[in-house]
Amino acid sequence: MQLNIMTQTDDLGTEAEPASVSAVDLLTQTLRQRILSGDFQPGEFLRDIKMCEEHKTSRHTFRTAAQVLVTQGLLRHIPNRGFMLPEFGPDDIVDITRVRGAIEGEAIRLIVLTGIIPPAALEAVAVMQASTLTADKTALVTADRDFHRAIIAASGSPRLKRTYAGLEGEIELLLVQRQGFYGTAAEMAEEHERLIISLKSRHYDTARDAFQEHWEDLQIKLLDQR
């Protein structure tokens with residue numbers, strides 16, 4: 001049985017079709033993929049009529065899906081104007097990388113205590129090693145996301161995971177918009193291999209310093225891409 005959301009009236013005064021949960025979920029995933037594939041430019045508005053025509057859906061379904069993406073940091077809602085793709089300035093870049101470092105720093109401390117290297121992080125590095133920067137930019141951004149997501153998950157802290165999840169969408173979108181932040185795929189793989197080695201040392205200071213250098217280097221690279 002398909003669950004329906006209450007019928008609403010759109011801006012034109014016509015009754016919008018009932019939006020099923022599955023339809024909203026499907027559109028949310030489709031728009032997310034388009035955003036992270038670079039289909040939209042920073043600062044671009046996703047116009048209701050155009051999106052509804054392209055995806056053959058109602059305004060209510062589109063707006064519900066777009067609002068979900070707002071909560072994920074992939075869109076911003078501008079009152080009386082609609083939904084816009086975020087455009088990250090220098091202050092945003094500094095803030096995002098700083099908060100990411102604070103969250104990940106605590107995860108590192110917990111991982112060093114256990115000495116367990118998350119397999120998903122090793123798999124992400126393997127993807128980086130097998131990729132080429134020119135052909136696999138999106139795959140590399142995904143691998144970077146998977147690496148750092150695995151670090152957070154390995155901490156074993158549900159609260160760290162929830163906190164990081166609230167920031168992850170902005171991080172991923174920022175990396176997509178600045179895809180040239182690494183010179184080569186090999187450089188990206190080598191840098192993340194060094195992070196793995198630092199965790200294997202089981203010395204917190206060693207791991208913290210390696211990750212701190214990584215965060216600061218990433219911040220500089222992202223700022224240089226502007």
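The second largest cavity of this predicted model has a volume of about 30 Å³. A search of the whole structure finds 2 cavities of 30 Å³ or more. The lining of the second largest cavity consists of Ile96, Thr97, Arg100, Ile171, Leu174, Leu175, Leu218 and Leu222. Helices H4, H7 and H9 are the elements that each give two or more residues to this lining.

Of these helices, H9 may be followed in detail. Helix H9 comprises the 21 residues 204-224; at 1.5 Å a residue these should span 30 Å, and because the end C-alpha atoms are 30 Å apart, the model agrees with that expectation. Which residues of H9 are buried? They are Ala207, Phe211, His214, Trp215, Leu218, Lys221 and Leu222. Viewed down the axis of H9, the buried residues fall within an arc of 130 degrees, so they line one face of the helix. Two of the buried residues, Leu218 and Leu222, also belong to the lining of the second largest cavity. The face turned away from the buried side of H9 carries the exposed residues Glu213, Ile220 and Asp224.

Helix H5 can be read in a similar manner. Its 12 residues, 119-130, should span 16 Å at 1.5 Å a residue; the end C-alpha atoms lie 17 Å apart, which agrees. The buried residues of H5 are Ala121, Ala124, Val125 and Met128. These residues cover an arc of only 100 degrees around the axis, and therefore lie on the same side of H5. On the face turned away from the buried side, H5 carries the exposed residues Pro119, Glu123 and Ala130.

Against which helices do the buried residues of H5 pack? They pack against H6 and H8.

The confidence of the prediction remains to be considered. The protein averages a pLDDT of 86, and 87% of the residues score at least 70. Over residues 1-15, however, the pLDDT is below 50.

Terms used. Residues are numbered from 1 along each chain as its sequence is written. This is a predicted model: local features need pLDDT of at least 70, side-chain atom pairs count only at pLDDT 80 or more; totals for chains, interfaces and linings use all residues. Side-chain values use heavy atoms; hydrogens and water are left out. Helices (H or I, at least four residues) and strands (E, at least two) are DSSP runs, numbered from the N terminus. The expected span of a helix is 1.5 Å times one less than its number of residues. Buried means under 20% relative accessible area, exposed over 50%, partly exposed in between (1.4 Å probe, protein chains only). The arc is that of the directions from the helix axis to the C-beta atoms. Contact means heavy atoms within 4.5 Å. pLDDT is the predictor's confidence in each residue, from 0 to 100. On a 1 Å grid over the protein atoms alone, a cavity is a set of points where a 1.4 Å probe fits but cannot get out, and a pocket is an open set with protein on both sides within 12 Å along at least five of seven lines; lining residues have an atom within 4 Å of a point. Grid points are joined across faces, edges and corners, and a volume is the space filled by probe spheres set on the points.
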